[in-house]
Structure formats: C-alpha cells, structure tokens
Amino acid sequence: MTKTPPRLAALTPYLLSKTGKAVRGQVASRLALHGVRMWHMAILDALAGSGPRSQRELAAALAIDPSDVTKVLDELVSAGHVERTRDPRDRRRIHVKLTRAGADALADLAAEVSAVEDEVLAPLDAAERAQLHTLLTRVFHHLEGAAVRNQKATSRSTEVAF
C-alpha cells in the first residue's frame with residue numbers, strides 16, 4: 001500500500017471518506033457471510049427499534065427508494081426475517097413486522113458490525129472511542145439537519161415555480 005500524501009492526510013474530509021469506505025467494505029464483507037447486505041440490516045434494525053411499520057414509512061425513515069425497499073423486503077420475507085400484511089382499512093398499505101428469526105438474525109449481524117468496530121477502533125482506548133462517537137454523532141446530526149433544511153427549501157422553491 002502506498003503512503004498517503006501528507007497534504008491529503010491533513011484533510012479531515014479525505015480521512016473521513018477513506019475511513020468510511022474501508023469500514024463499509026469490511027462491514028459489507030462480514031454481512032455477506034450471512035447472505036445479507038447493509039440494507040437488510042438497516043430494515044431489520046428499523047423494525048426492531050420502532051416496531052411494525054408500513055413499507056412507505058420504512059422507505060422514508062431510511063431514505064431508500066420504495067421500489068428498493070420492496071426488493072429487500074422480498075428477500076427478508078423469503079428468509080423468514082419479516083412478515084408483510086395488508087392493512088385491512090387500506091389494502092394499498094402494507095405493514096411489515098420483524099419475526100423472531102429476524103430478531104435473532106439482527107443480533108448476529110450486530111455482533112459482526114461490533115467486531116468490525118473493534119478491529120477498526122483498536123488503536124483507541126474506551127474514552128477515545130466514546131469521544132469519537134460523540135463527535136461523529138454531532139456532525140451526523142448537523143448534516144442530517146442540513147439535508148432536511150435543503151429538502152424543505154427545494155420543495156418551497158418548486159411550489160413557487162408552479
């Protein structure tokens with residue numbers, strides 16, 4: 001592996017990008033051992049955290065195209081990890097809930113992600129890991145808020161144009 005040029009290594013966005021790409025690859029490899037991708041885990045985790053939801057709500061919460069959610073859910077249903085049912089009051093609405101097998105699979109997947117985290121953060125002690133997490137959480141929420149503000153501004157400008 002070649003050494004990163006010092007000017008690039010001094011750029012925090014560069015380090016975040018390279019680190020994120022490396023970690024994502026390691027997580028993806030670990031999840032692939034279980035026959036799943038990150039979207040599978042994200043959907044399982046969203047259902048575990050909030051309980052049953054509609055497909056539309058899942059797509060919106062995870063910022064995934066609804067057609068992609070449908071494909072991932074088809075795979076999760078086939079694996080027995082989720083169940084889908086039609087809303088009796090609105091047949092167009094499909095509810096999704098986590099099964100016991102899905103909860104067990106999520107626990108296994110979380111252990112894989114935790115193992116990657118331990119490998120990646122091995123140079124840091126517990127206090128440094130907690131500090132890194134706190135700082136990244138702040139940056140993440142800032143960016144998430146900016147995205148929401150941009151989306152609202154775009155929607156307002158579109159309303160005005162028409």
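User: Helices here are DSSP runs of H or I with at least four residues, and strands are runs of E with at least two, numbered from the N terminus; so where is alanine 101 found?

Analyst: In this predicted model, alanine 101 belongs to helix 6, and helix 6 covers residues 100-120.

User: Is alanine 101 buried, partly exposed or exposed?

Analyst: Alanine 101 has a relative accessibility of 37%, and it therefore counts as partly exposed, since that class lies between the 20% limit for buried and the 50% limit for exposed.

User: And what does it touch, leaving out residues up to four places away in sequence?

Analyst: With those residues left out, alanine 101 touches Gly80 and His81. Histidine 81 lies 20 residues away from alanine 101 in sequence, yet the two C-alpha atoms are 5.3 Å apart in space.

User: Let's step back a bit. How many helices and strands does the chain have?

Analyst: There are seven helices and three strands, and along the sequence they follow the pattern α-α-α-β-α-α-β-β-α-α. The chain has 162 residues, of which 20% count as buried.

User: What about helix 2 and helix 6, at what angle do they pack?

Analyst: Helix 2 and helix 6 pack at about 145°, with 9 Å between their axes, and their crossing is right-handed. Helix 2 brings Val23, Gln26, Val27, Arg30 and Leu31 to the contact, while helix 6 brings Leu109, Glu112, Val113, Ala115, Val116, Glu119 and Val120. These residues divide into eight nonpolar, one polar and three charged.

User: Which residues touch the most other members of the largest nonpolar core?

Analyst: That core has 20 residues, and the ones touching the most other members are Ile43, Leu58, Leu73, Leu76 and Val82. The elements giving two or more residues to the core are helix 2, helix 3, helix 4, helix 5 and helix 6, with the largest share, five residues, coming from helix 3.

User: And what does isoleucine 43 touch?

Analyst: Not counting residues up to four places away in sequence, isoleucine 43 touches Leu58, Leu62, Val69, Val72, Leu73 and Leu76.

User: One last thing: where is alanine 63 found, and what is its phi?

Analyst: Alanine 63 sits in the loop between helix 4 and helix 5, and its phi is near 55°, which is a positive value in a residue other than glycine. Alanine 63 is also exposed, because its relative accessible area is 68%.

Terms used
Residues are numbered from 1 along each chain as its sequence is written. This is a predicted model: local features need pLDDT of at least 70, side-chain atom pairs count only at pLDDT 80 or more; totals for chains, interfaces and linings use all residues. Side-chain values use heavy atoms; hydrogens and water are left out. Axes are lines fitted to C-alpha atoms, for helices over the stretch in contact, and angles run from 0 to 180 degrees between N-to-C directions. A nonpolar core is a set of buried Ala, Val, Leu, Ile, Met, Phe, Trp, Tyr and Cys residues joined through side-chain atoms within 4.5 Å. Buried means under 20% relative accessible area, exposed over 50%, partly exposed in between (1.4 Å probe, protein chains only). Contact means heavy atoms within 4.5 Å. A crossing is left-handed if the near helix is turned anticlockwise from the far one by less than a right angle, and right-handed if clockwise. Ala, Val, Leu, Ile, Met, Phe, Trp, Tyr, Cys and Pro count as nonpolar, Asp, Glu, Lys and Arg as charged, and the others, Gly among them, as polar.
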